[in-house]
Amino acid sequence: SHLSFAEVLRAVGLMIFLSAGFPVGKAHIAALSSMRAKGQAISDAKPAIPNSAISIPVDDCAADTLSFWASRFSNWDRRCPVWLDFGPTSSWQIIGACDASTDWGCGGWFFDGSELFLFSHEWTPDERLSAFSKLRESMGVLELLGALYWFKYFASRCSHLRTELWLDNRSASSALSRWWSTTATMLNVLKEIRVLCVDNFIILHPCHVLGTPFNVIADLLSHHHIEEAICRAEQQFGIVAKII
């Protein structure tokens with residue numbers, strides 16, 4: 001499909017406006033920026049042609065962005081919070097980590113400065129099937145499924161708050177940062193996470209970390225080593241951990 005350059009400019013302006021209240025929209029500005037750049041190049045080369053007559057092809061990433069936000073407008077009450085993004089003087093308000101394994105499931109932890117929660121989930125046959133790619137299970141899909149479970153447990157607690165989430169899988173962390181993947185199975189999981197972040201106004205900062213030493217607790221939980229995970233978590237944070 002195609003959009004006129006005038007439509008692209010309106011879409012970019014709308015995304016800039018939306019991102020002031022819906023943090024997920026910040027990453028989606030980039031999805032439309034390449035279309036704007038193409039249209040601007042044509043407009044500069046042929047200034048006599050009106051913007052409405054310049055046709056720009058819509059790539060898959062931009063199409064996903066436009067489709068998602070169009071679907072959200074029907075449920076939007078035209079209200080949103082004012083939020084402060086991550087910056088030099090504004091660190092996380094919620095921090096957590098998640099991890100996934102091929103032999104058991106996924107797990108993670110959540111810390112808000114006063115409470116510490118842990119979770120551990122065993123993969124179902126359907127979840128393993130959804131992660132299967134070519135000859136084996138995709139680790140990237142499993143890692144995103146782990147992130148999805150993290151948000152299912154904690155999204156409501158992260159509402160309106162700056163949330164830093166650690167993952168030790170680079171492809172999963174990158175996909176969350178861009179809200180996009182060319183792999184259909186990863187994109188399907190991303191869409192579910194994206195809805196939770198938008199509906200709860202979560203200011204998300206995905207952070208790629210080394211599995212050792214930074215993601216050891218989540219790794220233990222993904223292998224269902226609950227007691228050891230509890231022991232390490234309580235040593236690290238100095239408070240009692242709660243399993244949910």
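**Notebook: helices, bridges and cores**

I began with helix α10 (residues 226-237), where E228 and R232 both lie, 4 residues apart, about one turn of the helix. Helices here are DSSP runs of H or I with at least four residues, and strands are E runs of at least two, numbered from the N terminus. The model is predicted, so I note that local features need pLDDT of at least 70 and side-chain atom pairs pLDDT 80 or more, while totals for chains, interfaces and linings use all residues. Residues are numbered from 1 along each chain as its sequence is written, and side-chain values use heavy atoms, without hydrogens and water.

**Entry: salt bridges**

I looked up E228 and R232 again and found a salt bridge, with the closest N and O atoms 3.6 Å apart. The term means a side-chain nitrogen of Lys or Arg within 4 Å of a carboxyl oxygen of Asp or Glu. By this rule I have 7 salt bridges.

Which residue forms a salt bridge with D64? I found K191, with the closest N and O atoms 3.7 Å apart. D64 lies in helix α3 and K191 in helix α7 (residues 184-199), so this pair ties together parts that are 127 residues apart in sequence. I also noted a network of salt bridges linking D64, K191 and R194.

Next I checked accessibility: buried means under 20% relative accessible area, exposed over 50%, and partly exposed in between (1.4 Å probe, protein chains only). D64 is buried at 9%, and K191 is partly exposed at 33%.

D199 and R72 also meet in a salt bridge, at 2.2 Å from N to O. Helix α7 holds D199 and helix α3 holds R72, and the two are 127 residues apart. I have D199 as partly exposed at 43% and R72 as buried at 16%.

**Entry: the cores**

How many residues does the largest nonpolar core have? I found 58, and L144, W150 and F151 are among those with the most contacts inside it. Helix α5 (residues 139-154) gives the most to this core, with 10 residues. A nonpolar core is a set of buried Ala, Val, Leu, Ile, Met, Phe, Trp, Tyr and Cys residues joined through side-chain atoms within 4.5 Å. A second, separate core of 19 residues includes A97, A218, L221 and I230.

**Entry: the whole chain**

I counted 10 helices and 10 strands in the protein chain. Of its 244 residues, 48% count as buried. The C-alpha trace spans about 70 × 45 × 30 Å along its principal axes.
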